[in-house]
Amino acid sequence: MVQAEPILQISGLKTVFRIAQRDVTAVHDLDLEVAAGETVAPVGESGSGKSVTGLSIMGLLPRGIRRVAAGSIRLRRKDGSTVELQQMDGPDLRGVSGNDMGIVFQEPLTSLNPVYTVGEQIAEPIRIHLGKSRRQARSEAVHRLEDVGIPDPQRRAGQYPHEMSGGMRQRATIAMALACDPALLIADETDHGARCHHPGPDSGPAGPPAAGAWHGHAVRHP
Ligand SMILES: Nc1ncnc2c1ncn2[C@@H]1O[C@H](COP(=O)(O)OP(=O)(O)OP(=O)(O)O)[C@@H](O)[C@H]1O
Ligand SMILES: [Mg+2]
């Protein structure tokens with residue numbers, strides 16, 4: 001039987017930060033694969049590079065201090081095409097990040113903008129990536145909040161992050177990561193602030209990941 005191509009295929013990933021004229025290798029020669037519908041949970045001690053791996057995949061490393069990023073990160077997009085993320089930049093990468101792959105950050109507050117309502121922030125990628133109208137995107141954002149178990153989602157969508165509890169904010173960031181129904185979901189120690197189920201179409205309720213792990217989850221198979 002021919003095996004389907006994995007959603008995510010990382011080989012020889014190396015991420016190096018330039019700090020005070022010195023090179024610090026945060027991720028060294030990593031190989032990792034995630035198949036459709038599979039949950040993979042890298043486990044490692046604090047500082048071993050789990051978060052930096054997630055940020056490397058998403059293309060979200062701070063530009064100024066990232067000095068070298070070797071290796072290959074191949075992602076199968078929702079349309080079935082495969083892209084090499086290491087060779088993508090700027091607008092091309094923005095079309096993939098948040099659309100074909102989503103990330104729930106270890107620190108939920110860093111991913112929520114304090115000056116926009118939570119509903120606006122979830123609706124934005126739906127408008128940009130899926131081409132929905134403002135009104136449709138807004139209504140889908142409310143559904144996403146409902147999916148992650150936020151009571152009274154209509155009212156909550158109109159609130160700013162500071163008006164929500166910590167667990168609710170964490171759920172809202174999960175809703176944001178899932179907004180465009182990504183092929184790959186990266187959850188960086190997501191259940192520290194909220195016990196939350198990821199309502200992927202084929203996933204059912206997900207148990208909490210191993211302590212000290214982020215996990216990638218291919219939620220859709222085109
Ligand atoms: N922006 C940055 N600039 C410089 N070094 C960084 C940066 N972010 C992370 N590092 C370094 O990269 C290494 C890996 O960090 P990372 O955050 O990936 O660890 P982790 O495995 O996620 O740890 P934890 O379990 O505590 O979340 C650490 O040595 C850290 O200090
Ligand atoms: Mg981390």
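The questions and answers below concern a predicted model.

User: How many helices and strands does the protein chain have, and what percentage of its residues count as buried?

Analyst: The model is predicted, and totals for the chain use all residues. The protein chain has seven helices and eight strands. Among contacts with a separation of 6 or more, 67% join residues 24 or more positions apart. Of the 222 residues, the share that counts as buried is 38%.

User: Which element gives the largest share of the shell around ligand 1?

Analyst: Ligand 1 is surrounded by 15 residues, and the closest are Ala 26, Ser 46, Lys 50, Ser 51 and Val 52. Two elements give two or more residues to this shell, namely strand S1 (8–19) and helix H1 (50–58). The largest share, three residues, comes from H1.

User: How do the residues of the shell around ligand 1 divide into nonpolar, polar and charged?

Analyst: The shell holds 15 residues. Its division is six nonpolar, eight polar and one charged.
The number of polar residues in the shell is therefore eight, with Gly counted among the polar residues.

User: Is helix H1 largely enclosed or largely open, and which of its residues are buried?

Analyst: Eight of the nine residues of H1 are buried, so H1 is largely enclosed by the rest of the structure. Just after H1, Gly 59 takes a positive phi of about 70°. The buried residues of H1 are Lys 50, Ser 51, Thr 53, Gly 54, Leu 55, Ser 56, Ile 57 and Met 58.

User: Which residues make the contact of H4 with H5, and how many of them are charged?

Analyst: From H4, the contact is made by Gly 119, Ile 122, Ala 123, Ile 126 and Arg 127. From H5, it is made by Arg 134, Ala 137, Arg 138, Glu 140, Ala 141, Val 142 and Arg 144. These residues divide into six nonpolar and one polar, and the charged ones number five.

User: Is Pro 161 buried or exposed, and which residues is it in contact with beyond its neighbours in sequence?

Analyst: Pro 161 sits in the loop between helix H6 (153–157) and helix H7 (166–177). It has 20 other C-beta atoms within 10 Å and is therefore buried, the cut-off being 20 or more. Its C-alpha atom is separated by 8.8 Å from that of Ala 172, eleven residues apart along the chain. Leaving aside neighbours within four places in sequence, Pro 161 is in contact with Leu 112, Pro 114, Val 118 and Arg 169.

User: What distance separates the C-alpha atoms of Gly 95 and His 129?

Analyst: Gly 95 belongs to helix H2 (residues 90–96). It is partly exposed, because 15 other C-beta atoms lie within 10 Å. Gly 95 and His 129 are 34 residues apart along the chain, and their C-alpha atoms are separated by 6.9 Å.

User: What are the phi values of Ala 20 and Asp 181?

Analyst: Most residues other than glycine have a negative phi. Ala 20, in the loop between S1 and strand S2 (22–34), counts as exposed because it has 5 C-beta neighbours inside 10 Å. Asp 181, in the loop between H7 and strand S7 (184–188), counts as partly exposed because it has 18 such neighbours. Neither is a glycine, yet both have a positive phi, which is about 45° for Ala 20 and about 55° for Asp 181.

User: What distance separates the C-alpha atoms of Ala 4 and Ala 35?

Analyst: Ala 4 is placed in the segment before S1. With 11 C-beta neighbours inside 10 Å, Ala 4 counts as exposed, since the limit is 12 or fewer. Ala 4 and Ala 35 are 31 residues apart along the chain, and their C-alpha atoms are separated by 8.0 Å.

Note on methods: Residues are numbered from 1 along each chain as its sequence is written. Chains are lettered from A and ligands numbered from 1 in the order in which they are written. This is a predicted model: local features need pLDDT of at least 70, side-chain atom pairs count only at pLDDT 80 or more; totals for chains, interfaces and linings use all residues. A residue is near a molecule or strand if its C-beta atom, placed from the backbone, lies within 6 Å of it. Helices (H or I, at least four residues) and strands (E, at least two) are DSSP runs, numbered from the N terminus. Two residues are in contact if their C-beta atoms, placed from the backbone, lie within 7 Å.
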